Amino acid sequence: MAKPVKFYYDLLSQPSRAMMIFLNVAKIPYESLPVALRKGEHLTEEFKAINRFQKVPCISDNGFNLSESVAIVRYLAAKHKIPDSWYPTDAKKQARVDEYLEWQHLNTRISCALYFQLMWLKPLLTGKQPKPEAVEEHLGRVVDTLDAIENIWLEKTPFLAGNDITVADIWCACEIEQLILTPYDFRKGRPRLTAWLEKVRTQANPHYDEAHKVLRKISERTSAKL
Ligand SMILES: N[C@@H](CCC(=O)N[C@@H](CS)C(=O)NCC(=O)O)C(=O)O
(Lines give C-alpha, C1' and ligand atoms only; values in the text may rest on other atoms or scores of the structure.)
Protein backbone atom coordinates (compact mmCIF):
# COMPACT_ATOMS: atom_id res chain seq x y z
CA MET A 1 0.00 0.00 0.00
CA ALA A 2 1.27 3.52 -0.87
CA LYS A 3 2.57 5.57 2.06
CA PRO A 4 0.62 8.71 2.95
CA VAL A 5 2.11 11.85 1.46
CA LYS A 6 4.04 13.99 3.96
CA PHE A 7 2.37 17.39 4.12
CA TYR A 8 4.25 20.38 5.58
CA TYR A 9 2.15 23.42 6.41
CA ASP A 10 1.34 26.31 8.72
CA LEU A 11 -2.34 27.14 9.19
CA LEU A 12 -1.49 30.85 9.08
CA SER A 13 -0.42 30.37 5.47
CA GLN A 14 -3.18 30.78 2.87
CA PRO A 15 -1.97 28.14 0.36
CA SER A 16 -1.31 25.75 3.28
CA ARG A 17 -4.93 26.01 4.38
CA ALA A 18 -6.10 25.52 0.79
CA MET A 19 -3.90 22.46 0.44
CA MET A 20 -5.15 20.94 3.69
CA ILE A 21 -8.77 21.42 2.59
CA PHE A 22 -7.98 19.87 -0.79
CA LEU A 23 -6.23 16.83 0.73
CA ASN A 24 -9.27 16.27 2.94
CA VAL A 25 -12.04 16.78 0.39
CA ALA A 26 -10.16 14.70 -2.19
CA LYS A 27 -9.56 12.02 0.49
CA ILE A 28 -5.83 11.81 -0.22
CA PRO A 29 -4.10 10.11 2.74
CA TYR A 30 -1.48 12.40 4.29
CA GLU A 31 0.80 12.73 7.26
CA SER A 32 0.30 16.08 8.97
CA LEU A 33 3.60 17.90 9.60
CA PRO A 34 3.07 21.44 10.93
CA VAL A 35 5.92 23.92 10.42
CA ALA A 36 5.65 27.02 12.64
CA LEU A 37 6.77 29.96 10.47
CA ARG A 38 6.64 32.33 13.48
CA LYS A 39 9.28 30.15 15.18
CA GLY A 40 11.43 30.03 12.04
CA GLU A 41 11.00 26.26 11.69
CA HIS A 42 11.13 26.67 7.89
CA LEU A 43 14.63 28.15 8.09
CA THR A 44 16.34 25.02 9.35
CA GLU A 45 18.71 22.92 7.19
CA GLU A 46 16.45 19.93 7.81
CA PHE A 47 13.47 21.73 6.26
CA LYS A 48 15.62 23.12 3.42
CA ALA A 49 16.29 19.53 2.40
CA ILE A 50 12.52 19.11 1.88
CA ASN A 51 11.87 22.49 0.25
CA ARG A 52 14.87 24.40 -1.08
CA PHE A 53 12.76 27.58 -1.19
CA GLN A 54 11.98 27.22 2.53
CA LYS A 55 8.29 27.94 2.23
CA VAL A 56 5.06 26.17 3.06
CA PRO A 57 3.11 24.33 1.84
CA CYS A 58 5.20 21.52 0.42
CA ILE A 59 5.03 17.75 0.24
CA SER A 60 7.29 14.77 0.25
CA ASP A 61 5.79 11.79 -1.54
CA ASN A 62 7.90 8.72 -0.95
CA GLY A 63 11.08 10.80 -1.39
CA PHE A 64 9.70 13.07 -4.15
CA ASN A 65 9.78 16.60 -2.73
CA LEU A 66 7.57 19.28 -4.25
CA SER A 67 6.75 22.90 -3.43
CA GLU A 68 4.29 25.43 -4.93
CA SER A 69 0.71 24.63 -4.02
CA VAL A 70 -0.63 24.74 -7.59
CA ALA A 71 2.03 22.31 -8.80
CA ILE A 72 1.21 20.04 -5.85
CA VAL A 73 -2.51 20.01 -6.71
CA ARG A 74 -1.77 19.07 -10.30
CA TYR A 75 0.65 16.35 -9.24
CA LEU A 76 -1.70 14.82 -6.68
CA ALA A 77 -4.70 15.04 -9.00
CA ALA A 78 -2.71 13.22 -11.71
CA LYS A 79 -1.51 10.56 -9.29
CA HIS A 80 -4.60 9.84 -7.22
CA LYS A 81 -8.13 8.98 -8.19
CA ILE A 82 -9.91 12.00 -6.81
CA PRO A 83 -13.51 13.15 -7.33
CA ASP A 84 -13.42 14.72 -10.80
CA SER A 85 -15.23 17.87 -9.76
CA TRP A 86 -12.33 19.32 -7.69
CA TYR A 87 -9.81 19.32 -10.56
CA PRO A 88 -11.66 18.12 -13.69
CA THR A 89 -10.00 15.87 -16.24
CA ASP A 90 -12.07 17.28 -19.13
CA ALA A 91 -9.68 19.61 -21.02
CA LYS A 92 -11.98 22.63 -21.19
CA LYS A 93 -13.20 22.35 -17.61
CA GLN A 94 -9.64 21.91 -16.36
CA ALA A 95 -8.50 24.93 -18.40
CA ARG A 96 -11.15 27.09 -16.68
CA VAL A 97 -9.79 26.03 -13.28
CA ASP A 98 -6.21 26.65 -14.45
CA GLU A 99 -7.25 30.05 -15.79
CA TYR A 100 -8.01 31.14 -12.23
CA LEU A 101 -5.00 29.36 -10.69
CA GLU A 102 -2.71 31.28 -13.07
CA TRP A 103 -4.60 34.58 -12.71
CA GLN A 104 -4.45 34.50 -8.92
CA HIS A 105 -0.65 34.90 -8.70
CA LEU A 106 -0.64 38.54 -9.84
CA ASN A 107 -4.08 39.33 -8.45
CA THR A 108 -5.69 37.64 -5.41
CA ARG A 109 -2.48 36.19 -4.04
CA ILE A 110 -0.23 39.20 -4.31
CA SER A 111 -2.78 41.89 -3.44
CA CYS A 112 -4.32 40.15 -0.41
CA ALA A 113 -0.98 38.85 0.91
CA LEU A 114 0.79 42.23 0.66
CA TYR A 115 -2.11 44.10 2.25
CA PHE A 116 -2.26 41.52 5.05
CA GLN A 117 1.47 41.85 5.68
CA LEU A 118 1.27 45.64 5.72
CA MET A 119 -1.73 45.85 8.05
CA TRP A 120 -1.17 42.89 10.39
CA LEU A 121 2.16 41.12 10.13
CA LYS A 122 4.57 44.06 9.89
CA PRO A 123 2.95 46.09 12.74
CA LEU A 124 3.07 42.93 14.86
CA LEU A 125 6.77 42.37 14.15
CA THR A 126 7.94 46.01 14.28
CA GLY A 127 5.39 47.72 16.55
CA LYS A 128 5.01 50.40 13.82
CA GLN A 129 1.81 51.32 12.00
CA PRO A 130 1.90 51.51 8.17
CA LYS A 131 2.16 54.83 6.33
CA PRO A 132 -1.22 56.08 4.97
CA GLU A 133 0.13 56.22 1.37
CA ALA A 134 1.17 52.58 1.57
CA VAL A 135 -2.23 51.59 2.98
CA GLU A 136 -4.00 53.45 0.18
CA GLU A 137 -1.87 51.84 -2.53
CA HIS A 138 -2.16 48.28 -1.20
CA LEU A 139 -5.86 48.58 -0.41
CA GLY A 140 -6.45 49.88 -3.94
CA ARG A 141 -5.01 46.64 -5.33
CA VAL A 142 -7.17 44.53 -3.02
CA VAL A 143 -10.28 46.46 -4.08
CA ASP A 144 -9.46 45.98 -7.79
CA THR A 145 -8.93 42.25 -7.29
CA LEU A 146 -12.08 41.71 -5.27
CA ASP A 147 -14.11 43.78 -7.74
CA ALA A 148 -12.81 41.55 -10.55
CA ILE A 149 -13.93 38.48 -8.59
CA GLU A 150 -17.37 40.05 -7.96
CA ASN A 151 -17.93 41.45 -11.46
CA ILE A 152 -15.97 39.17 -13.79
CA TRP A 153 -15.28 35.77 -12.24
CA LEU A 154 -18.66 35.48 -10.54
CA GLU A 155 -20.64 37.43 -13.13
CA LYS A 156 -22.34 34.46 -14.77
CA THR A 157 -21.59 31.43 -12.62
CA PRO A 158 -21.95 30.57 -8.91
CA PHE A 159 -18.32 29.37 -8.70
CA LEU A 160 -15.13 30.74 -10.26
CA ALA A 161 -14.77 28.04 -12.91
CA GLY A 162 -18.42 27.26 -13.56
CA ASN A 163 -21.42 25.73 -11.85
CA ASP A 164 -19.48 23.51 -9.44
CA ILE A 165 -16.93 24.12 -6.72
CA THR A 166 -13.32 23.38 -7.70
CA VAL A 167 -9.84 23.91 -6.24
CA ALA A 168 -9.91 27.42 -7.77
CA ASP A 169 -12.62 28.40 -5.27
CA ILE A 170 -10.69 26.95 -2.35
CA TRP A 171 -7.45 28.74 -3.27
CA CYS A 172 -9.30 32.02 -3.76
CA ALA A 173 -11.38 31.78 -0.57
CA CYS A 174 -8.30 31.06 1.57
CA GLU A 175 -6.56 34.23 0.32
CA ILE A 176 -9.64 36.36 0.95
CA GLU A 177 -10.29 34.89 4.42
CA GLN A 178 -6.84 36.13 5.51
CA LEU A 179 -8.26 39.67 5.29
CA ILE A 180 -10.30 39.07 8.47
CA LEU A 181 -7.13 40.08 10.32
CA THR A 182 -7.22 43.50 8.64
CA PRO A 183 -9.74 46.34 9.07
CA TYR A 184 -11.07 45.97 5.49
CA ASP A 185 -14.64 44.67 5.17
CA PHE A 186 -14.28 42.70 1.94
CA ARG A 187 -17.94 41.58 1.88
CA LYS A 188 -19.41 45.09 1.88
CA GLY A 189 -20.93 46.02 -1.50
CA ARG A 190 -20.07 42.59 -2.93
CA PRO A 191 -23.20 40.39 -2.72
CA ARG A 192 -21.94 37.76 -5.19
CA LEU A 193 -18.62 37.34 -3.43
CA THR A 194 -20.39 37.12 -0.05
CA ALA A 195 -22.81 34.42 -1.23
CA TRP A 196 -20.01 32.54 -3.02
CA LEU A 197 -17.74 32.52 0.05
CA GLU A 198 -20.53 31.03 2.16
CA LYS A 199 -21.19 28.34 -0.48
CA VAL A 200 -17.49 27.44 -0.64
CA ARG A 201 -17.37 27.15 3.13
CA THR A 202 -20.52 24.99 3.30
CA GLN A 203 -19.42 22.67 0.51
CA ALA A 204 -15.89 22.24 1.85
CA ASN A 205 -16.93 21.81 5.47
CA PRO A 206 -16.05 20.50 8.02
CA HIS A 207 -12.55 20.82 6.53
CA TYR A 208 -12.91 24.51 5.68
CA ASP A 209 -13.66 25.54 9.27
CA GLU A 210 -11.01 23.18 10.61
CA ALA A 211 -8.33 24.80 8.39
CA HIS A 212 -9.47 28.30 9.42
CA LYS A 213 -9.77 27.72 13.17
CA VAL A 214 -6.40 29.34 14.04
CA LEU A 215 -7.11 32.36 11.85
CA ARG A 216 -10.56 32.83 13.38
CA LYS A 217 -9.20 32.50 16.92
CA ILE A 218 -6.62 35.23 16.27
CA SER A 219 -9.27 37.42 14.63
CA GLU A 220 -11.59 37.05 17.66
CA ARG A 221 -8.73 37.89 20.02
CA THR A 222 -7.79 40.96 17.96
CA SER A 223 -11.33 42.33 17.79
CA ALA A 224 -11.83 41.70 21.52
CA LYS A 225 -8.89 44.05 22.17
CA LEU A 226 -10.27 46.90 19.98
N1 LIG B 1 3.35 30.33 -4.38
C2 LIG B 1 3.59 29.56 -3.18
C3 LIG B 1 3.59 30.51 -2.00
C4 LIG B 1 4.32 29.93 -0.80
C5 LIG B 1 4.49 31.00 0.27
O6 LIG B 1 4.67 32.18 -0.04
N7 LIG B 1 4.46 30.56 1.54
C8 LIG B 1 4.63 31.48 2.63
C9 LIG B 1 3.49 31.36 3.62
S10 LIG B 1 1.96 31.81 2.87
C11 LIG B 1 5.92 31.11 3.37
O12 LIG B 1 6.22 29.97 3.57
N13 LIG B 1 6.66 32.13 3.80
C14 LIG B 1 7.84 31.97 4.57
C15 LIG B 1 8.93 32.87 4.11
O16 LIG B 1 8.83 33.44 3.01
O17 LIG B 1 9.90 33.01 4.86
C18 LIG B 1 2.51 28.48 -3.04
O19 LIG B 1 1.39 28.66 -3.58
O20 LIG B 1 2.77 27.45 -2.42
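Which residues in α1 meet which residues in α7? Here is a quick tour that gets to the answer in point 3.

1. First, some ground rules. This is a predicted model, where local features need pLDDT of at least 70 and side-chain atom pairs count only at pLDDT 80 or more, while totals for chains, interfaces and linings use all residues. Residues are numbered from 1 along each chain as its sequence is written. Helices here are DSSP runs (H or I, at least four residues), numbered from the N terminus.

2. Start with helix α1 (residues 14–25) and helix α3 (residues 69–79), whose axes come within 10 Å and cross at roughly 15 degrees. Axes are lines fitted to C-alpha atoms over the stretch in contact, and angles run from 0 to 180 degrees between N-to-C directions. The two helices are therefore roughly parallel to each other (angles under 35 degrees count as such). α1 passes α3 in a right-handed crossing, that is, the near helix is turned clockwise from the far one by less than a right angle. On the α1 side, P15, A18, M19 and F22 meet S69, I72 and V73 in α3; contact means C-beta atoms, placed from the backbone, within 7 Å. Those residues divide into six nonpolar, one polar and no charged (Ala, Val, Leu, Ile, Met, Phe, Trp, Tyr, Cys and Pro count as nonpolar, Asp, Glu, Lys and Arg as charged, and the others, Gly among them, as polar).

3. Now for α7. Helix α7 (residues 167–177) packs with α1 at an angle of about 145 degrees, the axes being 8 Å apart, and this crossing is right-handed. To answer the opening question, Q14, R17, A18, I21 and F22 in α1 meet V167, I170, W171, C174 and E175 in α7. That contact has seven nonpolar, one polar and two charged residues.

4. How enclosed is α7? Eleven of its eleven residues are buried, so α7 is largely enclosed by the rest of the structure. Buried means 20 or more other C-beta atoms, placed from the backbone, within 10 Å of a residue's own.

5. Have a look at A204 too, in helix α8 (residues 191–204). A204 is buried, with 23 other C-beta atoms within 10 Å. Leaving aside neighbours within four places in sequence, A204 is in contact with I21, V25 and I170.

6. Last, the ligand. Its surroundings are S13, Q14, P15, L37, H42, K55, V56, P57, E68 and S69, each with its C-beta atom, placed from the backbone, within 6 Å. By class, this shell has four nonpolar, four polar and two charged residues.

How values were computed
Angles under 35 degrees count as roughly parallel, over 145 as roughly antiparallel, 65 to 115 as roughly perpendicular and the rest as oblique. Two residues are in contact if their C-beta atoms, placed from the backbone, lie within 7 Å. A residue is buried if 20 or more other C-beta atoms lie within 10 Å of its own, exposed if 12 or fewer, and partly exposed in between; C-beta atoms are placed from the backbone.
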